[in-house]
Amino acid sequence: MVNILIPISEFGNYLMFSILAGHVVLQFVPEGSKPKLNVPKSVLLLSTLGIIIFTLMPIVQVISYFKDSVGLQQATMSVLTEFQVGKSWLFIGFMATFLWMTIYVKGSKYLQMLLLFLMVLGVGYASHSASLSFWKGLFSHTTHFLIVSLWTGILIHISWFSKNHSSWLKFLRWFTPFAIVCLVVVLISGFIMMVPIVEPKDYVKSWVLPYGQMLLLKHISIIPVIVFAFVNGFLVKKAMNHSSFNPRPWLICESILLMFVFYFTAVMGTLSPPHVIDLTVISEGASTWVEWLLGKDIVVPLHVQFIPFFQTILLIIISFVFLAMIIVSFKNRKPYLGLLFGVSFIAAMYIGLMLSMSV
């Protein structure tokens, strides 16, 4: 049961942090440079409480692992006082309580910013990257998590909580370069975090493992997000010349696609990182889904190659056609059809790449 709840809690954690990050940063944006927002205070307060609950789930998982050998009380005390994940939860919970009170009384936006940053720092402290190389991992994971939360948080607030699309062009004037910088930082920090876990030369080889599967899906799902970001950052500006055009659904679609990235990342965070892929296959086994898809048992030593053939090349080409259709759907003013094309791209590209793998 706990193993099922962990990915859900990780996903919830990303979402709650994003909502709070968007709220905090948008308080620093002048009213004339953003659409009118109507964010219920209950959403912010529940997000703060949600973080305390969701970050507790990994603690429960570790305690349940040790409780049979040392007892529930001893396992709980040890995890909370000796493990990074336990100390991180105590710190995040403490900061989140203060943030809840600050939001409730509509306190200083600077204090809200400080408390939220400390909470993000707590997430970085408990990360796998920090356990491998503390300062480098802490910096890269904190940066990655913070920037993703800011980018997604602003999208969520503007797309789901804006009353109208007044001041939209002024909003895009600062948000477009901000989103570009966020994307660059996310890609760089993500690569820095990936290399100690999966070296670039072993990237395709890692696909035989559940962790590699989620990593691949995460990377694929970023691509349609970038296409929607291009639509929302550049093409929307021209379309705003037509008074009947409503840009909000396009941002909603982009935020939904980002939820796919969040989900794949959340599941990936619950899986064993494949530092040595052959040993991970021996100890935990390969992905049963991959074995079924390829129609063979995966055994070590692994000899994985990427060998596309006609059908898989055709699938990959079709996936890029789906990407192009996102632009076509924008010209036809059909945002949710564009979302469908984005999801279709993920599916077609994934299957095309997986069937091109020879083991």
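**Close-up 1. W289 and W292 in helix 13.** W289 and W292 both sit in helix 13 (residues 288–294), three residues apart, about one turn of the helix. Helices are DSSP runs of H or I, at least four residues, numbered from the N terminus. The model is predicted: local features need pLDDT of at least 70, side-chain atom pairs count only at pLDDT 80 or more, and totals for chains, interfaces and linings use all residues. Residues are numbered from 1 along each chain as its sequence is written, and side-chain values use heavy atoms, without hydrogens or water. W289 is partly exposed, at 41% relative accessible area. W292 counts as exposed, at 61%. (Buried is under 20% relative accessible area, exposed over 50%, partly exposed in between, with a 1.4 Å probe and protein chains only.)

**Close-up 2. F94 and F98 in helix 5.** Both residues, F94 and F98, lie in helix 5 (residues 84–104), four residues apart, about one turn of the helix. F94 is partly exposed, with a relative accessible area of 49%. F98 is partly exposed too, at 37%.

Close-up 3. Helix 10 (residues 210–239) has 30 residues. From first C-alpha to last, helix 10 reaches 42 Å, close to the 44 Å expected at 1.5 Å a residue. (The expected span is 1.5 Å times one less than the number of residues.) Helix 10 bends by about 35° at N232. (The bend is the angle between axes fitted to the seven residues ending there and the seven starting there.) Helix 10 is mostly covered, with 21 of its 30 residues buried.

Notes: Helices (H or I, at least four residues) and strands (E, at least two) are DSSP runs, numbered from the N terminus.
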